[in-house]
Amino acid sequence: MISTKLEFGAFITDQHNVAQTAAHIESLGYDIVSCGEHVTFHMPVPNAFISLACAAGATKHMKLMSGITLLPL
């Protein structure tokens with residue numbers, strides 16, 4: 001059976017307070033929390049897997065998604 005439930009998510013871009021941000025996103029009723037990584041020299045960007053691990057520890061029912069993963073890094 002195909003699920004017809006529409007799910008919403010939010011993308012974490014800030015490397016500070018990832019756990020608190022993920023918990024807040026969950027409290028707002030979102031279904032998915034996502035983050036990614038990118039090579040940039042203008043702002044610090046967190047590692048996606050570390051951020052998702054923090055989000056997993058701070059939430060109970062959120063689905064986790066990596067938007068961009070740079071394997072060579």
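Is cysteine 54 buried, partly exposed or exposed? Cysteine 54 counts as partly exposed, at 37% relative accessibility (buried means under 20% relative accessible area, exposed over 50%, and partly exposed in between, with a 1.4 Å probe and protein chains only). This is a predicted model, in which local features need pLDDT of at least 70 and side-chain atom pairs count only at pLDDT 80 or more, while totals for chains, interfaces and linings use all residues. Residues are numbered from 1 along each chain as its sequence is written, and side-chain values use heavy atoms, with hydrogens and water left out.

**Cysteines**

- A disulfide is a covalent bond between the sulfur atoms of two cysteines.
- Searching the whole structure gives zero disulfides (a disulfide is a pair of cysteine sulfur atoms within 2.5 Å).
- For cysteine 54, the closest cysteine sulfur is in cysteine 35, and the 9.3 Å between the two sulfurs is too far for a bond.
- Cysteine 35 is buried, with a relative accessible area of 3%.

**Packing of the two helices**

- Two packed helices are described by the angle between their axes and the distance between the axes.
- The axes of α1 and α2 lie 8 Å apart, and the helices pack at an angle of about 55° (axes are lines fitted to C-alpha atoms, for helices over the stretch in contact, and angles run from 0 to 180 degrees between N-to-C directions).
- This angle makes α1 oblique to α2 (under 35 degrees counts as roughly parallel, over 145 as roughly antiparallel, 65 to 115 as roughly perpendicular, and the rest as oblique).
- On the α1 side, the contact is made by Val18, Ala19, Ala22, Ala23 and Glu26, and on the α2 side by Ser51, Cys54, Ala55 and Ala58 (contact means heavy atoms within 4.5 Å).
- Sorted by class, the contact of α1 with α2 has seven nonpolar, one polar and one charged residues (Ala, Val, Leu, Ile, Met, Phe, Trp, Tyr, Cys and Pro count as nonpolar, Asp, Glu, Lys and Arg as charged, and the others, Gly among them, as polar).

**Serine 51**

- Serine 51 sits in helix α2, residues 48–58 (helices are DSSP runs of H or I with at least four residues, strands are runs of E with at least two, and both are numbered from the N terminus).
- Serine 51 counts as buried, at 6% relative accessibility.
- Leaving out residues up to four places away in sequence, serine 51 touches Val18, Cys35 and Pro46.

**Glycine 29**

- Glycine 29 lies in the loop between α1 (18–27) and β2 (32–35).
- Glycine 29 counts as exposed, at 53% relative accessibility.
- From C-alpha to C-alpha, glycine 29 and glutamate 7 are 9.8 Å apart in space, and they are 22 residues apart in sequence.
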